[in-house]
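The following exercises concern the structure shown below. Each task is followed by a solution in steps.

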Amino acid sequence: MTADWPILSLTIWLPIIGGALLLAIGDRCSNASRWMALATAILTFVISISLYCGFDSSTAQMQFVERAPWIPVFNVEYYLGVDGISMPLIILTTFITIFVVIAGWEVIQYKPAMYMAAFLIMEGVMVGVFAALDAMLFYVFWETMLIPMFLIIGIWGGPNRVYATIKFFLYTFFGSVFMLVALIYMYFQSGSMEILAFHELKLGLTEQIFIFIAFLLAFAVKVPMWPVHTWLPDAHVEAPTGGSVILAAIMLKIGGYGFLRFSMPIAPDASQELDWLIIGMSLIAVVYIGFVALVQQDMKKLIAYSSIAHMGFVTLGFFIVFQIAANSDASGGAILGIEGGMVQMVSHGFISAAMFLCVGVLYDRMHSRQISDYGGVIHTMPVFGGFMVFFAMANAGLPGTSGFVGEFMVILASFRANFWFAFLAATTLIVGAAYTLWMVKRVIFGKVVNDKVHSLQDINRREFIVLGSLAVAVLVLGLWPAPLIEVMDASVVSLLEHIKVSKL
Amino acid sequence: MQFEASNLIPVAPELYILGLACLVLVIDLFLDDEQRIFTYALTQVGLIFAIFITLSVGQTEAQIVFDGSYIRDGMSDVLKVSIYVITIGAFLYSKEYLVEHGLFKGEYYVLGLFAVLGMMVMVSAQSFLTAYLGLELLSLSLYALVAFDRDSKAGSEAAMKYFVLGAIASGMLLYGISMIYGATGALNFTTVTIALTETGMEDIVLVFGLVFVVIGLAFKLGAVPFHMWIPDVYHGAPTPVAQFLGAAPKIAAFALAMRLLVDGMMPLHSDWQQMLIILAILSMALGNVVAIAQTNIKRMLAYSTIAHVGFIMMGILAGTPEGYSASMFYTIIYAVTSLGAFGIIILLSKKGFEAENLDDYKGLHERSPWFAAMMMLFMFSMAGVPPTVGFWAKLFVLDAVVGVELTWLALVGVFFSIIGAFYYIRIIKLMYFDKADNTLPVVGNLDTRIALSVNGVLMLALGLFPAALLTICVRAIGG
């Protein structure tokens with residue numbers, strides 16, 4: 001199915017060109033750059049909505065396909081397309097970017113045009129990562145993504161930003177170059193750079209294990225999984241609010257997407273062999289990182305650790321599939337695991353974005369992220385307090401919010417595999433509730449602790465729109481997740497059928 | 001050998017450059033300092049003209065002339081054109097710097113043109129002796145250029161070091177050539193190849209000959225452990241000379257390696273492959289690690305060159321057409337990138353002030369957003385981060401290495417490029433994240449500005465559309 005308009009190309013290049021224009025215009029007319037950025041972001045979102053409207057959810061085929069030769073000598077193509085797994089993530093990207101632009105509206109006074117441009121270019125590149133069906137195109141987008149983020153953290157970040165951003169860059173660069181070698185290796189095995197051709201490629205177990213480990217290095221750093229997660233708290237703490245939002249809401253999802261698009265279908269037997277490793281790492285992330293989050297004094301750090309724990313659910317959901325396949329023939333459980341992981345990714349995109357924006361709202365007023373500096377915010381900022389409590393509940397997985405749906409699905413799937421996995425995963429609901437609610441209790445409730453808190457102003461209309469829209473998204477996805485699940489269903493089923501067949 | 005006029009057509013570009021160099025030399029004698037600009041203009045226009053001459057004598061099939069000692073083929077055409085373009089670029093960058101430092105003399109351009117001629121001879125060599133002649137012509141011109149600033153102690157010292165070590169390298173090369181001549185009885189590559197196919201590696205003299213030739217080559221390329229001259233020469237030479245030295249002769253050195261090893265001694269491939277693997281790994285390891293410790297940007301770029309040479313050798317040692325064209329692509333891209341990186345140093349240097357410490361780049365983004373962005377592109381390109389073209393260069397080389405089942409070597413290569421990424425992004429960190437010590441706006445001559453902008457945008461443009469240049473490289477090697 002080829003659309004009349006190259007919608008994917010538009011979604012990728014419109015923000016990139018918009019960003020380039022912004023760079024060219026610069027800060028000559030102060031507010032024009034902000035309005036232009038907002039217009040570009042909204043237009044991109046509207047275009048990406050047409051992906052959802054025109055999507056045929058009955059098939060697992062790639063849709064909105066665009067193909068053109070790029071480097072004929074190496075069979076590299078400009079090859080784009082989406083299925084039910086990548087399409088929701090693209091819309092998540094375009095949706096969140098709008099709020100990032102709005103959130104930086106007044107706060108960013110230093111070179112706002114460049115700030116907005118970096119986020120727009122970032123948006124286009126991230127959509128490219130999700131839409132690329134050619135391995136080299138994917139890799140180009142994947143690595144390009146580092147450049148704007150490197151600059152965003154380094155230029156607009158906090159006091160320790162240089163350390164954080166170089167750590168971020170080198171960690172992710174380290175992870176991804178090994179993936180590059182794996183991609184080249186598979187190019188020689190298959191004679192093509194198409195990701196879908198890699199899926200069909202027959203590989204021996206040893207080869208699969210090496211390829212799996214190369215991908216694991218790339219994706220585990222990105223997700224991030226314990227024990228390669230240490231860049232994330234640093235990056236989050238130092239990044240400006242918008243940077244944290246993009247990092248948590250979208251960049252982390254790219255790691256999860258990578259497992260679904262590369263690791264599992266390309267190396268199913270290695271995934272089967274090594275599923276204990278991923279499941280183990282995920283459970284450690286869920287439980288241990290949950291406890292680490294409990295003792296944080298810095299709000300952003302706390303949310304960063306909670307992100308790692310939540311992403312642990314995602315990887316657990318994906319790889320539990322192999323345990324279920326080993327235990328019984330119930331493929332229903334397997335579908336539940338992957339779909340739960342996907343829902344969790346989208347939901348975490350909303351919730352973590354909202355949480356970081358909440359912290360951003362407080363930070364803009366008080367210039368502190370220390371929990372101990374706050375207390376009794378609800379007395380001076382009642383509307384904001386309401387939002388923050390709501391998002392905290394969602395983060396803790398309260399039924400009715402989107403946070404519940406994904407976690408519940410993954411825990412259900414885990415039960416089919418092993419009681420103790422499910423038990424361990426379910427404890428996070430308690431730990432998660434503990435660290436989030438305890439933070440909320442200390443920040444929002446209680447007595448007004450100091451004069452600064454006393455003189456706080458409640459959120460303005462701009463902030464209300466941002467938090468309000470995200471709250472609606474969290475509620476809608478929590479109460480009625482069916483449209484999202486429906487869209488991905490065919491793709492997930494076909495993925496499961498694919499990985500069931502051994503390549504040996 | 002009978003003289004035939006048609007023999008001269010394939011060497012028309014060389015004759016033309018020789019004539020141009022002599023013409024510039026003579027005309028310059030009659031000019032006084034205010035009219036020196038004429039020498040410059042003549043050189044530049046002459047070089048642009050050389051591009052057309054080279055393209056017009058170019059044909060698809062190779063021509064071998066002068067009793068099999070000289071060749072004109074696709075590879076030589078492409079490499080010669082890139083040598084002209086890079087030389088034009090280097091001269092464009094350097095004019096203002098030379099004027100400011102009182103070095104704007106006709107000899108600079110004459111020596112530059114003779115260096116170009118030397119490189120052309122190396123590129124087209126089809127016998128060991130021709131290769132050696134070209135190499136010596138290039139080296140002698142470069143020794144003089146490095147010492148061009150007569151009052152600079154560092155410059156003279158660098159030239160002295162370069163001369164002594166270069167002479168040792170030439171000696172090694174000649175010694176190796178003499179052994180090969182002794183074992184095979186021939187100097188031109190075609191005959192040597194035939195002789196080698198017959199004798200194989202039985203002959204111990206041949207093994208020694210090969211080792212000495214590879215050592216000589218490694219000296220000229222600047223591969224570890226024969227790299228000692230590079231940092232000192234880059235550091236001591238006037239910046240425009242270092243720029244020229246770091247760019248165009250790399251192309252010639254690549255050609256020399258191709259001619260000597262591939263055209264001349266392909267039957268010994270498995271032997272020189274082993275040697276090149278060791279040299280490549282050592283170069284990438286030492287170059288990248290030591291570059292981190294540098295505080296002088298010229299020395300840092302020198303060590304980065306060493307690391308890049310390791311990558312260039314990885315393509316050659318693959319021993320396949322894919323590897324050669326990947327290496328060729330890499331060399332051309334590296335030359336263009338390094339031209340730009342040195343261009344930034346030239347842009348920021350003023351009379352009596354060399355912007356050669358890393359700290360001089362602090363806050364460049366505040367002072368000149370556009371040129372900071374250009375430098376960022378050069379640095380990302382050297383680090384091999386897409387969407388800059390440096391990524392494709394690395395990718396094609398890795399591709400070739402994996403293609404001959406040396407995947408482990410590709411892994412070693414990418415591992416060291418992670419280490420390398422650190423010192424490149426440190427420059428970006430200085431430019432973008434640190435506060436400037438002074439906030440003087442960057443003023444540069446129009447020539448330098450245009451050259452830098454074109455050069456920087458090229459990094460991105462070639463990164464988005466690498467296919468054309470790659471196809472040219474593939475055709476040049478294949479045909």
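**Exercise 1.** Determine what percentage of the residues of chain A count as buried, and characterise the fold of chain A.

*Solution.* The model is a predicted one. A residue is buried if 20 or more other C-beta atoms lie within 10 Å of its own; by this criterion, 62% of the 504 residues of chain A are buried. The secondary structure of chain A consists of 22 helices and 2 strands. For 504 residues the globule rule gives 23 Å, and the radius of gyration of chain A is 22 Å, close to that value, so chain A is as compact as a globular protein of that length. Among contacts in chain A with a separation of 6 or more, 82% join residues 24 or more positions apart.

**Exercise 2.** Identify which element gives the largest share of the side of chain B that touches chain A.

*Solution.* In total, 25 residues of chain B contact 27 residues of chain A. On the chain B side, two or more residues come from each of α16 (389–403), α17 (407–433) and α19 (467–478). The largest share, 12 residues, belongs to α17(B). This side of chain B divides into 19 nonpolar, 4 polar and 2 charged residues.

Note on methods: Residues numbered from 1 in each chain as written. Chains lettered and ligands numbered in written order. Predicted model: local features only at pLDDT ≥ 70, side-chain atom pairs only at ≥ 80, totals over all residues. Helix = DSSP H or I, 4+ residues; strand = E, 2+ residues; numbered from the N terminus. Rg over C-alpha atoms; globule rule 2.2 N^0.38 Å. Buried ≥ 20, exposed ≤ 12 C-beta atoms within 10 Å, placed from the backbone. Contact = placed C-beta atoms within 7 Å. Nonpolar A, V, L, I, M, F, W, Y, C, P; charged D, E, K, R; others polar.
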